[in-house]
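Biologist: Please go through this assembly with me, beginning with a single chain and ending with the contacts between chains.

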There are 4 protein chains.
Amino acid sequence: MEFVKDLRWNSHSYTSDLVEQFESQGFQSTELFKVSEVMYKMWTEKSKVILSFTSNMVTSGLRGLFAQLIELGLVDAVVTTAGSIEEDIMRAMGEKFPLTRFGADDIELHEKGHNRVGNIIVTNDSYMKFEGVMKKMIDKIVEEKSELTIVEFLDKLGSQLEDTNSILYQAHKKGIPVFCPAISDGAIGFHLYMARDRYPNFKLDLIGDFKKLIFTFSPDDKKGIIALGGGVSKHFALLSTLINGGADYVVYLTTSTGWSGRLSGASTKEAKSWGKVKDDSDSATVIGDVTINFPLAAFRTLEKLHIEARI
Amino acid sequence: MEFVKDLRWNSHSYTSDLVEQFESQGFQSTELFKVSEVMYKMWTEKSKVILSFTSNMVTSGLRGLFAQLIELGLVDAVVTTAGSIEEDIMRAMGEKFPLTRFGADDIELHEKGHNRVGNIIVTNDSYMKFEGVMKKMIDKIVEEKSELTIVEFLDKLGSQLEDTNSILYQAHKKGIPVFCPAISDGAIGFHLYMARDRYPNFKLDLIGDFKKLIFTFSPDDKKGIIALGGGVSKHFALLSTLINGGADYVVYLTTSTGWSGRLSGASTKEAKSWGKVKDDSDSATVIGDVTINFPLAAFRTLEKLHIEARI
Amino acid sequence: MEFVKDLRWNSHSYTSDLVEQFESQGFQSTELFKVSEVMYKMWTEKSKVILSFTSNMVTSGLRGLFAQLIELGLVDAVVTTAGSIEEDIMRAMGEKFPLTRFGADDIELHEKGHNRVGNIIVTNDSYMKFEGVMKKMIDKIVEEKSELTIVEFLDKLGSQLEDTNSILYQAHKKGIPVFCPAISDGAIGFHLYMARDRYPNFKLDLIGDFKKLIFTFSPDDKKGIIALGGGVSKHFALLSTLINGGADYVVYLTTSTGWSGRLSGASTKEAKSWGKVKDDSDSATVIGDVTINFPLAAFRTLEKLHIEARI
Amino acid sequence: MEFVKDLRWNSHSYTSDLVEQFESQGFQSTELFKVSEVMYKMWTEKSKVILSFTSNMVTSGLRGLFAQLIELGLVDAVVTTAGSIEEDIMRAMGEKFPLTRFGADDIELHEKGHNRVGNIIVTNDSYMKFEGVMKKMIDKIVEEKSELTIVEFLDKLGSQLEDTNSILYQAHKKGIPVFCPAISDGAIGFHLYMARDRYPNFKLDLIGDFKKLIFTFSPDDKKGIIALGGGVSKHFALLSTLINGGADYVVYLTTSTGWSGRLSGASTKEAKSWGKVKDDSDSATVIGDVTINFPLAAFRTLEKLHIEARI
């Protein structure tokens, strides 16, 4: 039996030491430790791992950590939404996202062409430059091949980037798929629509992606899911395991809880009723902002893998 | 200046009387009253109205109210996710969704083939019958036309249903578009994939839908948004107004708040920084479960429209 | 087995009809219906009922409904915090609380002497008048008796009020206790301190209240708890049942969930581990703003009691 | 202008390095960094500091960190609720609190005498031993002096403990007051009631504490508030600054937001309308579980103070 232990600060504390103190502190800190443990097993048991996240996380600096996990060979597939693709490319183009306050004056921001996402800004200027860059990148892709799956399309975008911290760049380099079933839900939808005007035969084949998804895993694979936030990203990631016998290692990091029936707050326990997660899986959920909880848990797991010379 | 008024129960109280007492009660009840007022203006000012919702709401009995709003001519476009399409069709087929408890034993449910969404069950049996029905409906569609936009595809599905409480059925009857940009994110993705096997030329054109979306409104239209929940549904609905000068009347009903930068909790205030919502728009947000808050606000607005012989 | 039923609006809908439709709608609306049912049993099974609430609810118009429930003989004891006492008296004095917006400019409000509680204002002017009134009321009490329990003290305050919508007034009229263990936590703490200066022998006996609390119920009583919000109010109310064998009928209406170990979000399920709530009790929890959910559930229960000529 | 920077893991990362990366990561991680900065200013600008927390945090291992902050001389007054006093003493007596799961079977726990607080257990056995210990400690206090303020009473309890990780012990050693206005709201209320039976003259003077509270600060002091969680602890802490011209440095760490008017979610911005917080104060709020966010922010601040040889 584990008991609560009192937390103490020591000078020069490592992140991993703090997270290890969390194990016996209680409440969400204990769950965060468990998330770190489940990721450790996921990575040491040679699972195939799907990482899903929402676009606000790519607007934030988590983008760098996602790219790094791919670069380290710890991710086998990514699932996300259109905003992630846009912001990842903008940042790879050198655009910068100013920080602001949560309560900023939005009418004033609108006049400045500053679009707010919580306490982060994406400027109209960035969107305009992005439009130009996208035009060129899409043209290059379509001239070579006018009909692609979304996964192929995103891989071709990634191949045109050069940025260590870019998710698409690292995914291309590692040859892993980036799924984005709702690709049209953003500015990128507009770019696709304009490309269609230029190339009437330009088509994205969403059905083809589904095939790719269900063959990401085989029923024999150990399957791991790291689901950050909810929505389509989380749901589509879980579809891949549902079809293949359920996930073995699952962590959810979310701000939501399950009382309204929304998927964002659906627990790994609920996922068992569906067979998305195996009955005897290792799973953990930690509630709170992912920009805090994911780096904490991941840094500790990475440190442990590093000490064991696994990465 | 408005002041807090003490709430009192009277026997035989009408829903609309209660919501009108909310105006001067404070906290979210006052916001709920404002939502009802903004919807009243939206509908009496002859706006074009987009209704967006997440799939869990269609799993719930809200499905009937959504269908009724379409039937009453109060909705000009719908945006939702794949689960909504699935559950709407299952229910139209006569399938029933058992109610359960939030804390139900999920391993036991899994053994019974009961998939849990909060306190609602969708059975494996329903999914299996759905597969058979979808096969026939998709075959019928594809034999007629093998390449369609998602909006066209959903309209063709709706044309094969016969259920007053069905969203797809009512949307087809009224000739309004149902947008579902992430159509492959669910069991339906699997059905589409299998149809592709039978009909290699079967294609869904997601880019074509974007054109439809941006011509849903013209810049001259008064534009109204009723966004229930978040995710892709909410974001895609707002894209349509962003491109057309911003919405005039906007209500958000959600369980989320904005502190993690997630779109689900993004406020109408934040939307102004983007131009999704006009600076001088009428807008209101009410936080809480949509299965409670939307019927309350909508019933009161409908009652007011009814008394004025507008519906 | 219960199944989801589609919700439909009918013209001239009664609040109770809507809440009864909630039974088979799913998610929190179903829980709200259950709350209404548990209150119905609580009141028809002749339970002794403790009503606990936080002070923000008295700032809102819920004050009127609380007073009405006491007036109707449906409440046997009240537990709350200092702010409730203050706001109840201010309103009974004729003070009005202006409504504002959640995002109001607080520095501007501060300059105007407007103190904000969410979207409600309590003015400095109200606080100043309150100070004068309290001075007289306390003096009158202390000159008669300088050492009282908090329950006695609050009863004496109630005896000096004359307002149908006042909680203290109705509690005094009905002879039911109002518990306020943290009586000093507010402006009233300052008034007590100044009274001590005028009357060095003025003492409030908090220990005496505990005796009163544990004899509110006997182990043989059927015990009902209506806990609105969390904090000291909820905890103290549950103490009374813990000591007397656990509650039989329990409803929680709250905005919180249990993931941080805070009592505000602790479920009736967790309460069973403590014996605060009997293992076989009837209990229900609904999550969301109490200004919406409590009137809805209560109006429906009151209507049912009224139709059966019980009230 | 600050811009988002991509987060990267480096092997052997210090907690303080991670928190410093948070500055430009966005969302709550940026707010957490600000909390750390405000605490740094609070402590280097020689403010008087009130630390308030709820009792669940003392059930958790945060107890050790609170005691350590007092021991380091960084806290001038504590405000909390009855459960904190109880759990602090139980742990000082050597009792251990087992860890469990959030979804544990509560009826089974009840049979074992295991009382659940989230994922932590306090056993009936601990409560029974606590009763015996409290009887002796209270008797010793009352035989010396039968009428005390709550602050004096808690100091006398602290004087009888011997545990580095105990809040009451360290507060006694440092001679700082522990305020607990709702002292009767817990098992301790029962112990006080039984002591009254043994010593009819035993009285706790809650009014006397208010005087102590308002003289904790003078208007000339720089005033700092660290408010962890909400409820009476937070409110009472803020009363002390309200009366003395408002706080200069304020951090809120909470799981709540402000939409229901509850104090737990009231922002530092709202506090300005009351004058609890100065208009030009340094303040920051971070939302999420305090067992994660407070150690993170505090460890980084302590590290910075340590490097500068201030602690």
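The questions and answers below concern a predicted model.

Biologist: How many helices and strands does the secondary structure of chain A come to?
Modeller: The C-alpha atoms of chain A occupy a box of roughly 65 × 50 × 45 Å along the principal axes. Within chain A, the secondary structure comes to 14 helices and 10 strands.

Biologist: What is the radius of gyration of chain A, beside the value that the globule rule gives?
Modeller: Of the 311 residues of chain A, 69% count as buried. Among contacts in chain A with a separation of 6 or more, 76% join residues 24 or more positions apart. The globule rule gives 19 Å for 311 residues, and the value for chain A is close to this, so chain A is as compact as a globular protein of that length; its radius of gyration is 20 Å.

Biologist: Is Trp43(A) buried or exposed?
Modeller: Trp43(A) belongs to helix α2 of chain A. Leaving aside neighbours within four places in sequence, Trp43(A) is in contact with Leu74(A) and Leu305(A). A residue needs 20 or more other C-beta atoms within 10 Å to count as buried. Because Trp43(A) has 23 C-beta neighbours inside 10 Å, it counts as buried.

Biologist: How far apart in space are Trp43(A) and Leu109(A)?
Modeller: In sequence, Trp43(A) and Leu109(A) are 66 residues apart. From C-alpha to C-alpha, their separation in space is 43 Å.

Biologist: Ala309(A) has a positive phi. Does this residue count as buried or exposed?
Modeller: Phi of Ala309(A) is near 60°, a positive value in a residue other than glycine. Ala309(A) is found in the segment after α14 (290-307) of chain A. Because Ala309(A) has 6 C-beta neighbours inside 10 Å, it counts as exposed.

Biologist: Phe27(D) also has a positive phi. Is Phe27(D) buried or exposed?
Modeller: Phe27(D) is not a glycine, yet its phi is about 55°. This residue lies in helix α2 (residues 27-44) of chain D. Because Phe27(D) has 32 C-beta neighbours inside 10 Å, it counts as buried.

Biologist: Are α4(D) and α9(D) roughly parallel or roughly antiparallel to each other?
Modeller: Two packed helices are described by the angle between their axes and the distance between the axes. The axes of α4 (residues 62-71) and α9 (residues 167-174) of chain D come within 8 Å and cross at roughly 5°. Angles under 35 degrees count as roughly parallel. The two helices, α4(D) and α9(D), are therefore roughly parallel.

Biologist: Which residues of α9(D) are met by α4(D)?
Modeller: By class, the contact of α4(D) with α9(D) has 5 nonpolar, 1 polar and 3 charged residues. From α4(D) come Arg63(D), Phe66(D), Ala67(D), Ile70(D) and Glu71(D). In α9(D), these meet Ile167(D), Gln170(D), Ala171(D) and Lys174(D).

Biologist: Which element gives the most to the side of chain A that touches chain D?
Modeller: In this contact, 53 residues of chain A meet 53 residues of chain D. The elements of chain A that give two or more residues to its side are α1 (15-22), α2 (27-44), α4 (62-71) and α14. By class, that side divides into 21 nonpolar, 23 polar and 9 charged residues. The element that gives the most, with 9 residues, is α14(A).

Biologist: How many residues does the contact take from chain C and from chain D?
Modeller: Of the interface residues of chain C, 100% are also interface residues in chain D, so these copies meet through the same surface. The contact takes 56 residues from chain C and, from chain D, 56 residues.

Biologist: In chain C, which residue has the C-alpha nearest the axis?
Modeller: Chain C is superposed on chain D by a rotation of 180° with 0.0 Å of shift along its axis, at an RMSD of 0.0 Å. The C-alpha of chain C nearest that axis is 2.3 Å from it and belongs to Ala182(C).

Methods: Residues numbered from 1 in each chain as written. Chains lettered and ligands numbered in written order. Predicted model: local features only at pLDDT ≥ 70, side-chain atom pairs only at ≥ 80, totals over all residues. Contact = placed C-beta atoms within 7 Å. Helix = DSSP H or I, 4+ residues; strand = E, 2+ residues; numbered from the N terminus. Buried ≥ 20, exposed ≤ 12 C-beta atoms within 10 Å, placed from the backbone. Nonpolar A, V, L, I, M, F, W, Y, C, P; charged D, E, K, R; others polar. Axes fitted to C-alpha atoms, helices over the stretch in contact; angles between N-to-C directions. Parallel < 35°, antiparallel > 145°, perpendicular 65-115°, else oblique. Rg over C-alpha atoms; globule rule 2.2 N^0.38 Å. Least-squares fit on C-alpha atoms with pLDDT ≥ 70 in both.
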